[in-house]
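Morning, everyone. Please put the sequence and the 3D view side by side, and we will walk through them together.

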Amino acid sequence: MKRVAIVTGAGQGIGAGIAKQLAADGLTVAVADLKEDNAKKVAAEIGQGAQGYFVDVAQKQSVFDLVAAVVKDFEHLDVMVNNAGIAKIGPLIDAEEKDISQILDINVKGDIYGIQAAAKQFQKQKTGGKIINACSIAGHQGFEMLGIYSATKFAVRGLTQTAAQELAKDKITVNAYCPGIVLTPMWDQIDAEMAKIYNLPLGASLQKNIDSIALGRGETPADVANLVSFLADPKSDYITGQSIIVDGGIDYA
């Protein structure tokens with residue numbers, strides 16, 4: 001029986017890259033996104049039985065409904081990738097309440113709901129399972145103009161460690177991947193906002209960050225997906241509670 005994985009926020013960017021890699025690894029992938037059309041498009045590109053689903057990770061019932069729908073379609077679940085997330089750029093002291101609430105709802109509550117829904121399904125199955133969360137280099141070091149985002153990713157590290165301890169008895173591992181400067185629409189957004197704040201040409205902030213990478217290039221979704229591939233594989237069964245950096249060797253000095 002093929003293993004089944006859910007990837008949230010998989011309608012584009014890193015999530016789509018992860019979904020495609022897991023499918024290449026032989027898993028059946030449930031591609032979930034707030035934009036259901038994007039999810040279905042990625043699922044169609046993948047083929048191999050992949051299906052697209054709607055999910056709003058900021059809503060607990062929506063996440064639980066997603067897991068229920070996937071289990072109804074495929075009979076079981078083996079891997080949950082809580083990838084969905086957003087960034088907010090700007091000075092911490094100017095952060096608006098609505099923006100703070102939105103990023104906390106998606107980046108923190110979304111991961112909590114994903115952990116809860118997947119863990120309860122794994123416990124019901126009595127099969128164990130793998131939960132993999134989206135953290136960031138900003139979950140290891142706070143970044144200027146990304147204060148609230150950094151806080152949410154520090155929270156993901158804490159949730160990952162706690163869930164790993166609580167769920168180990170059920171043979172459920174919980175880990176996180178921490179990307180660096182990934183060339184996706186999110187980093188295009190960050191670059192554009194930084195250009196406004198610092199009066200820089202478009203691309204200047206992004207290039208400055210790329211110049212700090214030891215391997216000399218920006219990160220691709222495939223670079224992140226390769227780590228997730230390992231964390232989703234039985235080869236990582238003795239690894240839990242970790243938030244692993246995959247950033248090409250960034251110089252934070």
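Among contacts in the chain between residues at least 6 apart in sequence, what percentage join residues at least 24 apart? It is 68%. Keep in mind that this is a predicted model.

Now the whole chain. Its secondary structure comes to eight helices and seven strands. The C-alpha trace spans about 55 × 35 × 35 Å along its principal axes. Of the 253 residues, 51% are buried.

Next, the surface and the charges. The chain's accessible surface is about 11,900 Å². Carbon and sulfur atoms account for 53% of that surface. There are 23 positive side chains and 29 negative ones. The centres of these two sets lie 7 Å apart.

Let's zoom in on single residues. Where does Y149 lie? In helix α5, which runs over residues 147-167. Is Y149 buried or exposed? Its relative accessible area is 10%, and buried means under 20%, so Y149 is buried. Which residues touch it? Set aside the neighbours within four places in sequence, and Y149 is in contact with I86, A87, K88, I103, N107, S136, A138 and M186.

On to I132. This one sits in strand β5, residues 129-134. Its relative accessible area is 1%, so I132 is buried. Again leave out the neighbours within four places in sequence. I132 then has contacts that include V79, M80, V81 and N82. Also among them are N175, Y177, V228, L231 and A232. Here is a distance to check on screen. I132 and V31 are 101 residues apart along the chain, and 15 Å separates their C-alpha atoms.

R3 lies in the segment before β1, and β1 covers 4-8. How does R3 count at 24% relative accessibility? As partly exposed. R3 and H76 are 73 residues apart along the chain, yet their C-alpha atoms are separated by 8.2 Å. H76 is also one of the contacts of R3, with neighbours within four places in sequence left aside. Others among those contacts are L27, T28, D78, V79 and K130. A232, D233 and P234 are in contact with R3 too. Notice A232: I132 is in contact with A232, and R3 is as well. V79 can be read likewise, with a contact to I132 and a contact to R3.

Last topic: backbone angles. Most residues other than glycine have a negative phi. Which way does K171 go, positive or negative? Positive, with phi near 60°. K171 is in the loop between α5 and β6, where β6 is 172-179. With a relative accessible area of 68%, K171 is exposed.

N199 also has a positive phi, about 55°, although it is not a glycine. Where is N199 placed? In the loop between α6, 185-198, and α7, 204-211.

Over to you for questions.

Notes. Residues are numbered from 1 along each chain as its sequence is written. This is a predicted model: local features need pLDDT of at least 70, side-chain atom pairs count only at pLDDT 80 or more; totals for chains, interfaces and linings use all residues. Side-chain values use heavy atoms; hydrogens and water are left out. Helices (H or I, at least four residues) and strands (E, at least two) are DSSP runs, numbered from the N terminus. Buried means under 20% relative accessible area, exposed over 50%, partly exposed in between (1.4 Å probe, protein chains only). Contact means heavy atoms within 4.5 Å. Accessible areas come from the Shrake-Rupley method with a 1.4 Å probe; for residues, only the protein chains shown count as cover. Lys and Arg count as positive and Asp and Glu as negative; His and the chain ends are not counted. The place of a charge is taken as NZ of Lys, CZ of Arg, CG of Asp or CD of Glu.
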